[in-house]
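Please read these notes with the model open beside you. Each point takes up one feature to find.

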Amino acid sequence: MRFDRRLITHFEWLLPLLALAVSGLGALTVYSATHGPGLHGPSPLAVRQLTWLAGGTGAMLAVLTFDYRRLERNAGVVYVLVLLMLLAVPIVGRMGGGSRRWITMGPLSIQPSEFMKLALVLVLARHFARTPPGPLGPRAALLPFVLMLVPAIPVLAQPDLGTAIVLAVIALSMVLLGGVRVRSLAAVAVPFVVLAPLLGPVVWKHLKHHQQQRILTFVNPEADPLGAGYHVIQSKIAVGSGMVWGKGFMNGTQNHLNFLPEQHTDFIFSVFAEEWGFVGCLVLMALYLALVLRGIVIASRARDRFGVLLVLGVTSIVFWQAVINVGMTTGLLPVVGIPLPLFSYGGSSALCLLVGAGLAMNVAMRRYFF
């Protein structure tokens, strides 16, 4: 395979710089969140995160070596391969934090559900790229719903409610971006709304105890401040105690006194907010906004429908995960265990999103040689 040197002159610089800026701030925060008393130098988790980011950066650049349009033909193959990995988790996966989500491959632990987000974007971009453009009815949403539901069921069984929710909102985003009318989706939703009083108790009964507690905590976290509501209350205290300028790098008391749960993964935004304050949070949110807007600009300039949907789909992953994570750490949304994209500790998540950034760069660079 020969690399076209002309692509270098049209290299997309802004998107990777924004992605690496967010990743760099995340690596610093992971370092702070995992640095314990008596520990000299970075923690093993911080070193591992830097290693994954380095590998993800290499993968992001490697994605540029082939034409992204080849993925349109092979999107179904990618989806099936990742689905098979996901289905293998209950058989060969390892436990961690009460869930079985990872497959060990030598020194690496891979979380297939993270790669399913990107695989779902690929297969839905292919589906709608081959669907005649124009206002679409509810039938056009049937296959995307099935393609989302097939991996969402084993993800829920892990259990991983957060990732299942992300898969659902990605699919919904792709359906709307693909041209399905909002009123058509509303018409499909009407029977579920009507049946909600009957279906609600059934769904509630099948939720696990900790999932029920998270919903009840969202409604009233002060009802059990030392139990189910403890995490959200401590997270909001950490965010608020940062005030305007923050307490400074590695000076967050909520973090280093171990009041915050999962401070390097789900609640890493709380650690960052306590250390860098409102101003630091504004900078981080501005970086995410710039990342999303850059994705929209790249999509608007793409020369084919598959490229447009691919970039918008990758952008939707970043957007929704950022919105849900910040919402749950500030008490605006229920706690569902979703990492802050490119920021929280997690090798599979970082690798998946950096590969997604590489695909967006691929679309941006090859619009000149369509």
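1. Start with a term: buried means under 20% relative accessible area, exposed over 50%, and partly exposed in between (1.4 Å probe, protein chains only). Helices (H or I, at least four residues) and strands (E, at least two) are DSSP runs, numbered from the N terminus. This is a predicted model: local features need pLDDT of at least 70, side-chain atom pairs count only at pLDDT 80 or more, and totals for chains, interfaces and linings use all residues. Residues are numbered from 1 along each chain as its sequence is written, and side-chain values use heavy atoms, with hydrogens and water left out.

2. Look at helix H15, residues 347-366. Of its 20 residues, 20 are buried, so H15 is largely enclosed by the rest of the structure. The expected span of a helix is 1.5 Å times one less than its number of residues. For H15 that gives 28 Å, and its end C-alpha atoms are 28 Å apart, which agrees.

3. Next comes helix H14, residues 305-329. Its first and last C-alpha atoms are 36 Å apart, close to the 36 Å expected. Here 20 of the 25 residues are buried, so H14 too is largely enclosed by the rest of the structure. Glycine 331 follows H14 and has a positive phi, near 85°.

4. Now the nonpolar core (buried Ala, Val, Leu, Ile, Met, Phe, Trp, Tyr and Cys residues joined through side-chain atoms within 4.5 Å). The largest one has 94 residues, and Met116 is among those with the most contacts inside it. H15 gives the largest share of this core, 13 residues.

5. Strands S2 (residues 99-105) and S3 (residues 108-110) pair in the antiparallel sense over three bridges; pairing needs at least two bridges found by DSSP. They form a hairpin with two residues between them. In the turn, glycine 106 has a positive phi of about 65°. Isoleucine 103 stands opposite isoleucine 110 in S3.

6. How many salt bridges (a side-chain nitrogen of Lys or Arg within 4 Å of a carboxyl oxygen of Asp or Glu) does a search of the whole structure find? It finds six. One joins aspartate 160 and arginine 101, at 3.8 Å from N to O. This pair links distant parts of the chain, 59 residues apart: aspartate 160 is in the loop between helices H6 and H7, arginine 101 in strand S2. Aspartate 160 is buried, with a relative accessible area of 1%.

7. Lysine 117 and glutamate 114 form another salt bridge, with the closest N and O atoms 2.9 Å apart. Both lie in helix H5, three residues apart, about one turn of the helix.
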